[in-house]
Amino acid sequence: MRYPLLVPLALVGCSGSEEAATVDLPVTTSPAALAPAATDLGYQVSLTRVRIAVAKIEFTIEGEMHGDAAARVVGTAPHPGHSAGGEVTGELPGEFILEWNGRAQPQLGLGRLIVGDYQGANFAIRAASARDGLAANDPLVGHAFHLTGTITKDATTRPFDALLDVEPDTSVIGAVFHDVITEASTETLALEFYPTDPVEGDTPFDGVDYFTLPTTADGAIAIRPGQPEHNIIRRAIQTHDQYGVQTL
Amino acid sequence: MRSHLFVLSITLPCAIARADDEAPPSPDDAELLQYVAEAEAEAQAGETIVVEDSAGPVDTPSSGVRVVSQRALELTPHRNADDYLRLVPGLYMSQHGSEGKGQQFFLRGFDAVHGSDVSIRVNGIPINEMSNVHGQGYADLGFIIPETVHGLTSRKGPFDLEQGWFATAGSIDLVLGTASRGRRVGYEVGSTNRHRAYVIDAPAGRPEAEFVAADVLHDTGYGKFRGTEHASVMAQTELTAGRLVLRPMFAGNWTKFGEPGVIALADIASSYFDRMDAPAGDLGGRSQRLLGGLGATWKRGADEVVASAHLGWRGLDLDENFTGYLENTQYGDGRRQVHRAITGGARVAWRHTLSRHVRLLTGTEVLRDQLEQYEDRISTRGAVWRNERSTSAATTSAGTWAGAQVRDGRWLATAGARVDAMMVDAADRLDAMRSGAGTVAAVSPRAAVAWRGEHLTLSVAAGRGVRPPEARAFTQRPSRENMMATTYDGGDPEITVANALETGAELRGERISAGVTGFATWIDREAVFDHLSGLTALLDGSRRYGAEVFVEAKPVPWLAVRGDATLVDARFVVTDNPVPGAPRILASAEARLDARPWSAGVAGRFLGPRPLIHGATAASSTVFDAIGAYTRGRWMLSLQVDNLLGTDWNEGEYHFASRWDLSAPESSLPRVHISPGRPFGVRAGASVQF
């Protein structure tokens, strides 16, 4: 038996219920600079600032499904005695503006995680509002994503500014997060945005011929809701391929 | 199924006619018949490893077998037939609804949920439901009037050729009948405003299998919204025609029960809920059953045929909410499940004694389920706000087995194999494109060997048990994020196979017996249909190692005592995490005093701390129940005490997220939830025999 001492201990007295051990860890966004993304149509998208309005950051374990049995069960409500997959065992509740600009960002808060072997992270994407502490004229207000930077092709560089909306109840499920959390863990959990999918090598900016798009008065390429290009970028940027969690 | 019934109805009477007309046996046959008679006499002399019974035959000399007589059941504290199953050593049952809902079973390191790994039969009729909307193998014994249970046979592990679907951890056979003859009327009143009345008519001079019985029950239950109401009627008769014995039976039941939900310990600590509260309010369920069965036994010389056929209708309606407002803060997370099924089946087991040493064991069974089920999301007021699932399905399953039993001196061995197959056609009525069909099959070799000395029995057994996939697992789910459905949305439905090994030693004396059994079970990959997400989760392999010990004694003729303990270490192979919920230590003690006019029984159970998912731990508990009775003339007075020591214990404990207090910060983190155990209570009863 793994715990032989349990036998005599249990026989001499009754023990109470015990909640799972947890640890509180700081959560932030990665301070690393955003690497340029090379699109399938030959553009280089260099982002200088990415902001996303999110809520309910969750950290998940894979449970008892590995290898060829790795069929994740997500979004389930548990029930006594039944398989409670989609095993969210860590969280940072609340609403946040995630920002990546190549500099260290303020801590989002302390996430609480049950000790375990973590495999993924989830968060909901929402429209930003004045509740987020944004100025009334902040372009992100009313939108989910705001991306700024430049786009280069054939030695021509133009400013890039994208505002993206999402459908209600949109979530990123399964961002890569590999870490073994113990009661002694002290690391900071840093959310990452990947302009290029580190596994498949594609980017959310693929499929758009940017220099054919109309520009703003100051010559910037603007992506706005309602444009077909908006939907192309949105479809890819809201998948888990573009996100991860690193430890600092 | 129809063809099997037809064959059965034709062949058995024909066989009888031939038997009645046959010539006297030859000298060789006479020797064989003499041997058969000796073997039967030996079997009925009280040996526990070879028990002949029409509904619970035990051919295989494995160690984990217990046979309990009706008198022992009567002297066991009980509220219903479910409670009799607590006499199965190492079986832990948990009720997370209220009386009337199917129990959750834990056995040999398995969380068998509502019956997915424990096969239960009544008079040979399978009670586990294929593809019940609430859980695979759902086994509801609420229709059984406890006074009509004639005996119980439990077999742990999948070592007997006759153990079919769901016997991955073990199987339990109940036999109906009553040794107490005459007409009896009884009434019981209990401290939870429990009122139960029953009547049994068991004509004197008729076989013990023959009775007509009915009972009605009202119980407000302990705490809040844990009430139950119930009415059952059962009837069985026995008809003999030469060597053929027929036992037609009928059962009908209607039950209404509360679904109070389970309470987070944190909500108790914050005083948001009381320990006996019902977070889900007055949600509840209804269970209905109509069941007709026909059992048949036929013996002639070296041949014995045991058969049964059944046809039943089943209904289950459940409104429940275990997570409060976690998913939906507006309407709540309530869910309604409705299940309707018509089930029919037949089973024939044939034993043929070939020689002094060899007996052939063979048989076949078929089962057909036609079911309709749906699942809706409901508001706190019970209004449907979203249809989640609507399925109609037909499942046809068949099993056949063949093997041999060999006796030679002190050695007894059985070996053989069975094949089980299931064909499913499932229609998704919300989206016809998701409908699906398929066939699955598995071969299960099984063998056991025992050496039986004058006092000592040694045995070793190996076998494979099978759990079928649910019908709904054959419907298809849409893929997420353009990925392969099998990568991200569950795997293909498949049979879960459990390979088991067991070895035991038993020492039997005149007044005291003791035994020890070691067992191990391995599952390579487990297919679990999560009915909440609608996905087939393919879990990693798991293994279970354990040991059981028992001591029983009868120091004087009127006193019997027994104690047993089961230790199990059940873990997933890849992560080494424990199998959640499965007890590591379970011990029980029983004492029965039978000195008429006085009789009494005490049953106690120690449940050690249990691992829950994600590293949480469920509390241990020790609970004793008692029964006492005084019989004078035609009258019998009884008193039963639940939870004699008044222990605050948790019958069920679970670890998941919930949100009931909307003013508290939102959290998706799992928490320990409890289903409080029955508090101290008394029940007084009186019955009179006419």
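Predicted model: local features only at pLDDT ≥ 70, side-chain atom pairs only at ≥ 80, totals over all residues.
Reader: Why is V113(B) called buried?

Author: The cut-off for a buried residue is 20 or more other C-beta atoms within 10 Å. V113(B) has 26 C-beta neighbours inside 10 Å, so V113(B) counts as buried. This residue is found in the loop between β4 (110-111) and β5 of chain B. V113(B) is also a residue other than glycine with a positive phi, near 45 degrees.

Reader: How do you know that the buried residues of α2(A) line one face of the helix?

Author: In helix α2 (residues 228-237) of chain A, the residues E229(A), I233(A), R234(A) and I237(A) are buried. Seen down the axis of α2(A), the buried residues fall within an arc of 130 degrees, and so they line one face of the helix. An α-helix has 3.6 residues a turn, so residues three or four places apart point the same way.

Reader: Against which elements do the buried residues of α2(A) pack?

Author: They pack against three strands of chain A, namely β7 (145-153), β8 (156-164) and β11 (221-223).

Reader: What makes a set of residues the largest nonpolar core, and which residues have the most contacts inside it?

Author: The members of such a core must be buried nonpolar residues joined through C-beta atoms within 7 Å. The largest set of this kind has 74 residues, and I52(A) and V54(A) have the most contacts inside it. Strand β3 (residues 44-61) of chain A supplies the largest share of this core, nine residues. There is also a second, separate core of 70 residues, which includes L107(B), V113(B), I144(B) and F211(B).

Reader: With which residues is V54(A) in contact, leaving aside its neighbours within four places in sequence?

Author: Contact requires C-beta atoms within 7 Å of each other. With those neighbours left aside, V54(A) is in contact with F96(A), L98(A), F123(A), A124(A), I125(A) and R126(A).

Reader: What makes β3(A) and β4 of chain A a pair of strands?

Author: At least two bridges are needed for two strands to pair. Eleven bridges join β3(A) to β4 (residues 87-100), and these strands run antiparallel. Within this pairing, F59(A) has G90(A) as its bridge partner in β4(A).

Reader: How many bridges join β3(A) to β6 of chain A, and how many join it to β7(A)?

Author: Six bridges join β3(A) to β6 (residues 116-125) in the antiparallel sense, and A55(A) has A124(A) as its bridge partner in β6(A). The pairing of β3(A) with β7(A) is likewise antiparallel, over eight bridges. In β7(A), T148(A) is the residue opposite R49(A). Strands of a sheet pair through backbone hydrogen bonds, either parallel or antiparallel.

Reader: How many bridges join β2 of chain A to β3(A)?

Author: Two bridges join β2 (residues 37-38) to β3(A), and the strands run antiparallel. The number of bridges therefore meets the requirement of at least two. A38(A) stands opposite Q44(A) in β3(A). The hairpin of β2(A) and β3(A) has five residues between the strands, and in this hairpin G42(A) takes a positive phi near 90 degrees.

Reader: Why are β1 and β6 of chain B called edge strands?

Author: They belong to an open sheet of five strands with mixed pairing, in the order β1-β7-β8-β5-β6 (chain B). The strands β1 (65-69) and β6 (125-126) of chain B each pair on one side only, and are the edge strands. β6(B) is joined by two bridges to β5 (residues 118-122) of chain B, and the two run antiparallel. In that pairing, R121(B) stands opposite P126(B).

Reader: What is the omega of the cis peptide bond that joins R596(B) and P597(B)?

Author: Omega of this cis bond is about 15 degrees. P597(B) is found in the loop between β30 (585-595) and β31 (598-607) of chain B.

Conventions
Residues numbered from 1 in each chain as written. Chains lettered and ligands numbered in written order. Buried ≥ 20, exposed ≤ 12 C-beta atoms within 10 Å, placed from the backbone. Helix = DSSP H or I, 4+ residues; strand = E, 2+ residues; numbered from the N terminus. Contact = placed C-beta atoms within 7 Å. Arc of directions from axis to C-beta.
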